[in-house]
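This briefing covers the sheet, the helix packed on it and the nonpolar core.

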Amino acid sequence: MGKFDKYKIDLKGMQADSCKYEFVLDNLFFANIDGPEVQKGKVNVVLVVKKTSRAFELNFQTEGMVWVPCDRCLDDMEQLVSSIDKLLVKFGHEYAEEGDNLIVIPEEEGEINVAWFMYEFVALAIPMKHVHAPGKCNKAMTSKLSKHMRTTPDDEMAEDTFAPEEVELMNEEETQVDPRWDELKKILDNN
Ligand SMILES: [Zn+2]
């Protein structure tokens with residue numbers, strides 16, 4: 001049995017009009033799928049397949065937690081993911097992805113493997129920006145990174161990852177609030 005055989009959904013042989021599957025995507029799943037965004041996690045997926053006259057409607061409900069590197073300190077952090085996604089599957093001559101969520105599969109095979117789709121739904125559910133809760137970042141790493149920022153202001157990567165105002169926020173706990181903010185606030189309040 002292949003690593004992803006249990007994620008095959010037999011549509012052709014479907015007897016009832018509606019069918020429910022439950023999957024747990026664990027560390028082994030993420031290791032096997034070897035995608036760039038997520039290497040570890042524990043995510044529950046409930047898949048409900050509905051047969052309609054024209055297509056199969058696959059509704060995925062994704063709920064769980066993944067480990068991803070924090071944008072600020074690069075240590076792994078827990079990120080909750082939650083998502084609802086839909087795929088429409090039709091029978092045709094050969095495999096094709098039409099648009100974002102219409103899949104054509106060969107009628108002779110009559111089945112679709114949902115492993116990679118579920119991985120993608122998890123990866124897409126991760127917010128663009130994800131950081132530890134305030135005060136939970138790796139302090140040694142953030143101070144190293146913010147020093148690096150100051151010495152190489154032209155480094156595009158560093159600028160993209162750590163905007164100056166973020167570094168300001170990171171350091172806020174240790175340092176006094178910049179008095180210029182008070183001045184700025186006065187100006188704003190007066191207008
Ligand atoms: Zn962090």
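Contact here means that heavy atoms lie within 4.5 Å. By that criterion, and leaving aside neighbours within four places in sequence, I112 is in contact with Y7, K8, I9, L11, L58, V89, I103, I105 and F117. The model is predicted.

**Sheet**
- Six strands form an open sheet with mixed pairing, in the order β2-β3-β4-β5-β7-β6.
- At the edges are β2 (18-25) and β6 (96-98), each of which pairs on one side only.
- On average, neighbouring strands of this sheet are turned by 25° against each other, with direction ignored.

**Helix on the sheet**
- Helix α2 (residues 115-125) packs on the sheet and touches β2, β3, β4, β5 (76-92), β6 and β7 (102-106).
- The direction of α2 makes about 135° with that of β5.

**Pairing of β3 and β4**
- Strands β3 (residues 40-51) and β4 (residues 56-69) run antiparallel and are joined by 12 bridges.
- Within this pair, V45 stands opposite T62 in β4.

**Nonpolar core**
- The largest nonpolar core has 38 residues, and L25, L58, I112 and V114 are those with the most contacts inside it.
- Two or more residues come from each of β2, α1 (27-33), β3, β4, β5, β7 and α2.
- Helix α2 gives the largest share of this core, seven residues.
- L58 and I112, both among the residues with the most contacts inside the core, are also in contact with each other.

Conventions:
Residues are numbered from 1 along each chain as its sequence is written. This is a predicted model: local features need pLDDT of at least 70, side-chain atom pairs count only at pLDDT 80 or more; totals for chains, interfaces and linings use all residues. Side-chain values use heavy atoms; hydrogens and water are left out. Two strands pair if DSSP finds at least two bridges between them. Helices (H or I, at least four residues) and strands (E, at least two) are DSSP runs, numbered from the N terminus. Axes are lines fitted to C-alpha atoms, for helices over the stretch in contact, and angles run from 0 to 180 degrees between N-to-C directions. A nonpolar core is a set of buried Ala, Val, Leu, Ile, Met, Phe, Trp, Tyr and Cys residues joined through side-chain atoms within 4.5 Å. Buried means under 20% relative accessible area, exposed over 50%, partly exposed in between (1.4 Å probe, protein chains only).
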